[in-house]
Amino acid sequence: MALLTEINTSVEVQNYIDHVFEKVKRRDPNEEEFHQAVYVIFKSIKPVLMKNPAYIKHNILERIVEPERLITFRVPWVDDQGDVQVNRGYRVQFNSAIGPYKGGLRFHPSVNTSIIKFLGFEQIFKNALTGQPIGGGKGGADFDPKGKSDGEIMRFCQSYMTELSKHIGPDIDVPAGDIGVGAREIGYLFGQYKKMRGRFEAGVLTGKGLLYGGSLARKEATGYGAIYFVKEMLNDQGQTLAGKKVVVSGSGNVSIYAMEKAMELGAKVIACSDSNGYIYDEKGINLDTVKQLKEVQRRRISEYALIHPEASFVEGSSGIWSIPCDIALPCATQNELDVKAAETLVNNGVKVVAEGANMPSTADAIAVFLENEILFGPAKAVNAGGVAVSALEMGQNSSRMSWSFEEVDKKLQEIMKNIYHNSLTAANEFNKPGNLISGASIAGFTKVADAMLEQGVI
Ligand code: NAP
């Protein structure tokens, strides 16, 4: 490869991108999910590098794919039988160019370095897109909360935070929830942080309960934000959500509030799922039942069909994409929508696919959507409403104010609108008209890369 300062031509720029990508894969050959997330960004940014050679000269690509810090630690805890269990905890502090590290914690048995790095990498660009001063981070543990008692969850969270508390703080790194980490877990984590520090620092975690510094509308923010984004996509086509058939995967935090807002705007949600299978109700899902089963009782989605016999439960969650719909919202987990599912959706006439989950579509599935000119909303833009309201929660904590639901919701709508329009503008500017995946990657990347340039080689 030519010297960085001498790279000019289109071929040389592509060689530079390929060189960095090969190095990422060579260094950590087992981190497939992380490679996939890097690939999505690298696929979009060649025209940006052509336009601004300073990014190459200062080797921004190689710097941006290397986390500033990756922490792994032992999380020992005692189960209800008195046995000592050991899990592995993680926190990646990926990039602090535009603000303190910010990103959720995931408790799921599949968590490993690759998953945490892909999520942390995505988070850098998502956070930049919100327009708020927050850097990128992510964390979690390979702990499975399913089937655990409240006491076990509490002891695990306390042990996890005993170590994590050494690395975070309101101006350093501010975790939140993600898969397996909701209000209950954030409560236990916050309690332990407060005890370790001996001070009440509300701004150290977001997604807190309303009694101790949480923000109204944070619980709803990711799902509502996703639908506000879809509303903008449809609006540009002279359409609305009214009367559209919607299929949503998952039945967790993101899915439930995406369903709620979609229904409020007149859409009909006909299916949702969990990791065991999906429920289908042609007449429309009863969201109160889903909330009761999932938020209150922590039960399986299959039980929905026992309460509503007109609905059917089908085992195996991937089959959900065979249901004909206008709008598909993958809101469960990474790589849940593959190329076959994408082809089925397209053949069945899907008009919009918007990613509520992080990286739910495989690279091949995305290619199918783009080839067929399906309106495609990428995760880093569509699900940015959650972290955006988390940043509003941080703002309320530092000013010791609390805003009404309506105020927060209004700001969320504005933010989602801006993310949509900024992504679209970037796509148009760099000759990818209508391609929101390129647009979102470019808009997020340039903001972080410019801040890195201004701060020198650190
Ligand atoms: P959650 O509340 O824990 O819910 C996850 C849901 O997905 C559960 O219903 C889970 O079912 C289901 N699920 C997991 N694997 C599945 C599979 N293979 N097929 C079908 N369903 C499956 O988590 P969440 O907070 O909603 O997060 C969902 C996604 O959104 C994740 O990708 C997360 O990173 C992303 N996200 C979340 C936020 C946020 O604010 N929460 C913000 C941005 C992005 P089981 O109960 O059977 O496991």
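Author: Let us begin with a term: a polar contact is a pair of N or O atoms within 3.5 Å. Please keep in mind that this is a predicted model.

Reader: How far does a polar side-chain atom of Lys-146 lie from an oxygen atom of the ligand?

Author: The distance is 3.0 Å, from a polar side-chain atom of Lys-146 to a ligand oxygen.

Reader: And what is the distance for the side chain of Thr-222?

Author: An N or O atom in the Thr-222 side chain is 2.6 Å from an oxygen atom of the ligand. Gly-252 uses a backbone N or O atom instead, which lies 3.4 Å from a ligand oxygen.

Reader: How much of the ligand does the protein bury?

Author: The ligand taken alone exposes 890 Å², and the protein buries 85% of that.

Reader: How many residues surround the ligand, and which are the closest?

Author: There are 24 residues around the ligand, and the closest are Asp-178, Thr-222, Ser-275, Arg-300 and Asn-358. By class, the shell has 13 polar, six charged and five nonpolar residues. Domain 2 (69–202) and domain 3 (219–382) each supply at least three residues to this shell.

Reader: Changing topic, how many cavities of 30 Å³ or more does the structure hold?

Author: The structure holds two of them.

Reader: What lines the largest cavity?

Author: Its lining has 13 residues, with Val-40, Glu-122, Glu-355, Met-359 and Ile-366 nearest the centre. Helix H2 (32–44), helix H14 (363–371) and helix H15 (379–382) each give two or more residues to this lining. The largest share, three residues, comes from H2. Eight of the lining residues are nonpolar, two are polar and three are charged.

Reader: How do the residues lining the second largest cavity divide by class?

Author: That lining has five nonpolar, six charged and no polar residues. Among the lining residues are Lys-23, Arg-27, Asp-28 and Glu-62. Helix H1 (residues 10–27) gives the largest share, four residues.

Reader: Finally, how much space lies in the second largest pocket?

Author: About 310 Å³ of space lies in that pocket. It is lined by 16 residues, and Ala-202, Gly-203, Gln-396, Asn-397 and Ser-398 lie nearest its centre.

Note on methods. Residues numbered from 1 in each chain as written. Predicted model: local features only at pLDDT ≥ 70, side-chain atom pairs only at ≥ 80, totals over all residues. Heavy atoms only, no water. 1 Å grid on protein atoms, 1.4 Å probe; cavity = no way out; pocket = protein on both sides within 12 Å on 5 of 7 lines; lining within 4 Å. Points joined across faces, edges and corners; volume = space filled by probe spheres on them. Nonpolar A, V, L, I, M, F, W, Y, C, P; charged D, E, K, R; others polar. Near = heavy atom within 4 Å. Polar contact = N/O pair within 3.5 Å; in protein donor to acceptor, adjacent residues only side chain to side chain. Areas by Shrake-Rupley, 256 points an atom, 1.4 Å probe, with all protein chains shown as cover. Domains from an automatic or database assignment.
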